[in-house]
Each structure stands twice: as structure tokens, then as C-alpha cells.
Amino acid sequence: MAKIKNKPMLISIIFLVTALILSTYVKSKASDHNADATINTENPAQTVSNRFNHNNSNAEMIAVWVPFMSLNMKETDCSEAAFKSKFDEIIKTALNHRINALIVHVRPFADALYPSKIYPHSHLLTEEQGKNPGFDALKYMIEATHQAGMQFHAWINPFRIQVNSNPPSLCASNSYYTLKNDESNPPDIVMESGNDKYLNPGYEKVRKFIIDGIIEILTSYPEVDGVQFDDYFYPENDFECDKFCYQNYCAIPGNAQPLSHQEWRFANINSLVAGVHSAIKNINPAVVFGISPAGNLEYNTKIGADITSWCKTPGYIDYICPQIYFSLDHPTLPFETAIKHFKDLPKHDKLKLYFGLALYKAGSETADSGTWQNHDDILQREYNHCKSLGCDGVMLYSVESFKDKITAREIANLTTCFKRLG
């Protein structure tokens with residue numbers, strides 16, 4: 001076989017075609033889930049409110065992440081009233097800081113903060129994975145967020161099952177057991193890296209499993225404004241955890257020039273990302289799909305995140321929001337250097353560019369070699385630099401930092417930049 005000169009382009013073409021083939025499957029699955037949905041099929045965009053408008057070129061995203069830790073009910077009675085009170089406080093805090101969108105963790109560990117036929121209930125709501133809390137947390141979060149005039153984006157970790165012993169234990173219906181205990185499945189359908197566990201995107205069955213979960217969210221909750229993946233993909237530098245899957249790929253008859261292990265990982269995740277984008281648009285074109293990768297491009301390569309293809313090729317994502325969690329004087333990757341790397345990437349015409357800022361590092365005496373201490377305007381200067389480069393907005397990590405006394409001065413100065421948004 002003649003040597004392929006442009007493997008990355010070929011990978012993108014192959015898996016975008018795969019996504020188009022999957023669209024028939026996606027439409028079928030969406031129909032199965034959509035019996036009770038209220039999507040306006042003549043004008044799907046009408047199912048998304050006129051809060052912050054992602055498609056308006058003059059609109060600016062000012063979002064904050066609401067991580068799973070912020071939704072943990074451990075020190076409460078785990079009641080519906082306690083959950084609503086906790087989330088109402090999050091909304092109040094966000095509004096006080098001129099936020100117009102919440103990025104909320106709804107599936108952090110192959111589990112769900114909502115009733116699901118695919119994933120078990122999250123331990124965050126009851127302290128026990130798989131236990132029904134007796135209420136629909138996601139339904140309330142969407143309704144309350146919209147009543148407050150903000151968008152609601154469903155934040156998902158597609159592969160992560162258990163990392164750093166979190167969750168403390170997995171229920172019997174968790175995909176770790178249901179997939180591994182099925183003798184028809186290959187041994188590495190769940191990747192194990194040390195004690196950590198991840199779904200293996202090298203298998204089509206896993207990719208469909210993840211896509212089905214997103215279809216379930218969007219058909220059960222058509223008011224969701226967006227879906228986001230963050231920066232968890234393959235385990236860093238561990239090429240043993242999916243070695244069996246890769247070797248089987250290399251052994252396919254006629255595969256005379258297989259992709260390298262790294263290129264093959266890119267292709268697997270690209271196939272999933274394209275499939276997710278296709279699924280979302282088949283259900284409701286107005287819902288946006290974005291990814292918030294790590295702010296270091298070299299690190300993204302190590303975990304199989306093909307940022308370049310996602311940005312330059314239509315059909316993968318609607319927005320990219322790299323987590324530029326560095327100070328202006330970071331000793332190895334200063335903020336302005338990191339932001340330029342992403343700004344200079346080739347991008348398709350409709351791609352929105354947001355930047356993630358590190359609220360949690362503000363005022364720290366140790367973060368980034370102590371370069372955040374003795375300042376109260378780093379975040380403000382970083383935001384202004386983002387705007388000077390023409391970005392479409394920012395996302396802030398995380399809502400918890402709004403309550404931290406150490407971050408207060410930095411955040412107060414940053415928030416003054418948002419007041420002119422009206």
C-alpha cells in the first residue's frame with residue numbers, strides 16, 4: 001500500500017463520515033427516548049430561550065463552572081429541600097457576579113444527577129451510588145437557572161468511572177460491572193490505569209453507550225442549552241490500559257499500515273466527538289456542544305485530545321474553551337503564551353472561542369510558584385487580554401471560589417469588567 005501522506009486529515013475525514021453514518025442510528029435512538037419531549041420540530045431553536053445567545057456574534061459568554069463537589073449533599077439530610085436550597089445559593093452567587101451561564105456537572109463518574117435508564121444515580125445526592133434520591137435534581141437545576149435568566153449547560157465526563165477513589169464505591173449497575181461482567185465484551189472495554197477506571201473509546205459499543213446517554217439528556221430535558229466535555233480523556237502516558245484493543249486494531253486483515261497508538265487514540269475520540277455533535281444537532285440544532293480542554297497543547301496530545309482537528313474541521317464542536325489556568329508570570333507557560341497557542345490554531349468559521357480562567361488560584365501564596373500572591377488584578381488583566389484578542393467570552397473555575405476570602409479582591413476587580421454587559 002502506498003504511504004499515506006496526510007494521516008491527520010484522513011483520520012478527520014474517516015470519522016466525520018462515520019458520524020454521518022451514525023446519524024441514522026442517533027435519530028432512531030432519539031425517537032425512542034422522545035415520547036415525552038416537547039421539542040418544536042418546525043423550529044427547534046425555539047426550545048432554547050433567549051437568554052445568552054451563543055449564535056449572536058455580539059453576545060459574550062460569562063459562565064461559571066459548577067463542579068460535582070459543589071453539588072455534594074454529604075453534610076445535609078440529602079432531602080429535596082436541602083438540594084434546592086444548595087442550588088438556589090449557587091444561583092444567587094452567580095447572579096451577584098454577573099454570570100449569564102452555568103456549566104453544571106450532571107454526569108461526573110459514569111453516573112447521573114437525574115433519573116436515567118443508562119447510568120446509576122450519583123452518590124453525590126444520597127452518599128450511595130445507585131440510590132434513588134426521590135427527586136429530579138437536573139430538572140430543578142435547569143428550571144431554576146432559566147428562571148434566573150441564565151443558560152444551563154450539561155457538563156459531562158464521557159470516560160471517567162472512578163478516579164482517586166472517587167466515588168468511594170461503585171454500585172452493581174455501574175458500567176464498570178455491567179460491561180466487564182459481560183463475557184461477550186473484550187477484557188479492556190473498561191480501561192484500568194493504576195486504581196483508576198475509564199470507559200474505553202476504542203470500542204464502538206462504548207462510543208454508542210456515551211452517545212445514548214447524551215441523547216437521553218437532551219430528549220428528557222429539551223430545555224438544556226448546551227453540552228460540554230472537559231479535559232478528561234485517555235489516562236496520561238499509559239499505553240498499557242488499552243493495549244489489547246490497539247493490538248486487535250493493528251491485526252485487522254488488510255491493515256498494512258496501521259496508525260500509531262497515539263494517532264489511533266486521536267481517531268477513537270474524534271469518532272466519539274463527531275458522533276456526539278451529530279446526535280445533538282439531529283435532536284436540536286440550537287443546542288451547542290463544546291469542549292474545555294487543558295490549557296497546555298502538549299498535554300492534550302498525551303491524553304488523546306486532537307484539539308487541532310476539532311477546531312479547524314466543522315462537525316466536531318461549536319466552541320472550544322481551553323482552561324488557561326496560569327498566572328501572567330507562570331515560570332514555564334505564562335498566560336499570554338498559552339492563550340496565543342489556542343488563538344493561533346486554525347478554526348472553522350462558526351467556532352466560538354472562550355477561555356477558562358482560574359478563580360481558584362487568585363491570591364494563592366503557592367500556585368504557579370507563588371506568582372499569584374501580592375496581586376489583586378491578575379484575573380482582570382487576563383480577562384482584558386482575552387477580549388483584546390477577540391475571544392467570545394470566558395468561563396470561570398469555579399463557583400466555589402466566589403465564596404473564598406482569599407480570592408475576594410481579585411474577583412471583585414474582575415467582576416467590574418462584567419458590569420457593562422447589562
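Modeller: Gladly! Contact here means heavy atoms within 4.5 Å. Keep in mind that this is a predicted model.

Biologist: With that in hand, what covers the buried residues of helix 13?

Modeller: The cover includes strand 1 (61-66), helix 11 (335-343), strand 10 (352-358), strand 11 (393-397) and helix 14. The buried residues themselves are Ile 378, Leu 379, Glu 382, Tyr 383, His 385 and Cys 386.

Biologist: Why are helix 13 and helix 14 called roughly parallel?

Modeller: Helix 13 (residues 378-388) and helix 14 (residues 408-415) pack at about 30°, with axes 7 Å apart. Angles under 35 degrees count as roughly parallel, and the two helices are therefore roughly parallel to each other.

Biologist: Which residues meet where helix 13 packs on helix 14?

Modeller: Ile 378, Leu 379, Gln 380 and Tyr 383 come from helix 13, and they meet Glu 410, Ile 411, Asn 413 and Leu 414 of helix 14. By class, this contact has 5 nonpolar, 2 polar and 1 charged residues.

Biologist: And what follows helix 13?

Modeller: Gly 390 does, with a positive phi near 85°.

Biologist: Let's turn to another element. Why does Leu 199 count as buried?

Modeller: Buried means under 20% relative accessible area. Leu 199 has 0% relative accessibility, so Leu 199 counts as buried. Leu 199 sits in strand 6 (residues 196-199), and beyond its neighbours within four places in sequence, its contacts include Pro 158, Phe 159, Leu 179, Met 191 and Phe 209.

Biologist: How far is Leu 199 from Gln 162, 37 residues apart along the chain?

Modeller: Their C-alpha atoms are separated by 10.0 Å.

Biologist: How do you know that strand 4 and strand 6 pair?

Modeller: Pairing needs at least two bridges between the strands. Strand 4 and strand 6 have 2 bridges, in the antiparallel sense. Arg 160, for its part, stands opposite Tyr 198 in strand 6.

Biologist: What makes strand 4 and strand 5 edge strands?

Modeller: The open sheet has 3 strands in the order 4-6-5, with antiparallel pairing. Strand 4 (160-162) and strand 5 (190-193) each pair on one side only. Direction ignored, neighbouring strands of this sheet are turned by 30° against each other on average.

Notes
Residues numbered from 1 in each chain as written. Predicted model: local features only at pLDDT ≥ 70, side-chain atom pairs only at ≥ 80, totals over all residues. Heavy atoms only, no water. Axes fitted to C-alpha atoms, helices over the stretch in contact; angles between N-to-C directions. Helix = DSSP H or I, 4+ residues; strand = E, 2+ residues; numbered from the N terminus. Parallel < 35°, antiparallel > 145°, perpendicular 65-115°, else oblique. Nonpolar A, V, L, I, M, F, W, Y, C, P; charged D, E, K, R; others polar. Buried < 20%, exposed > 50% of the residue type's maximum accessible area, 1.4 Å probe, protein only.
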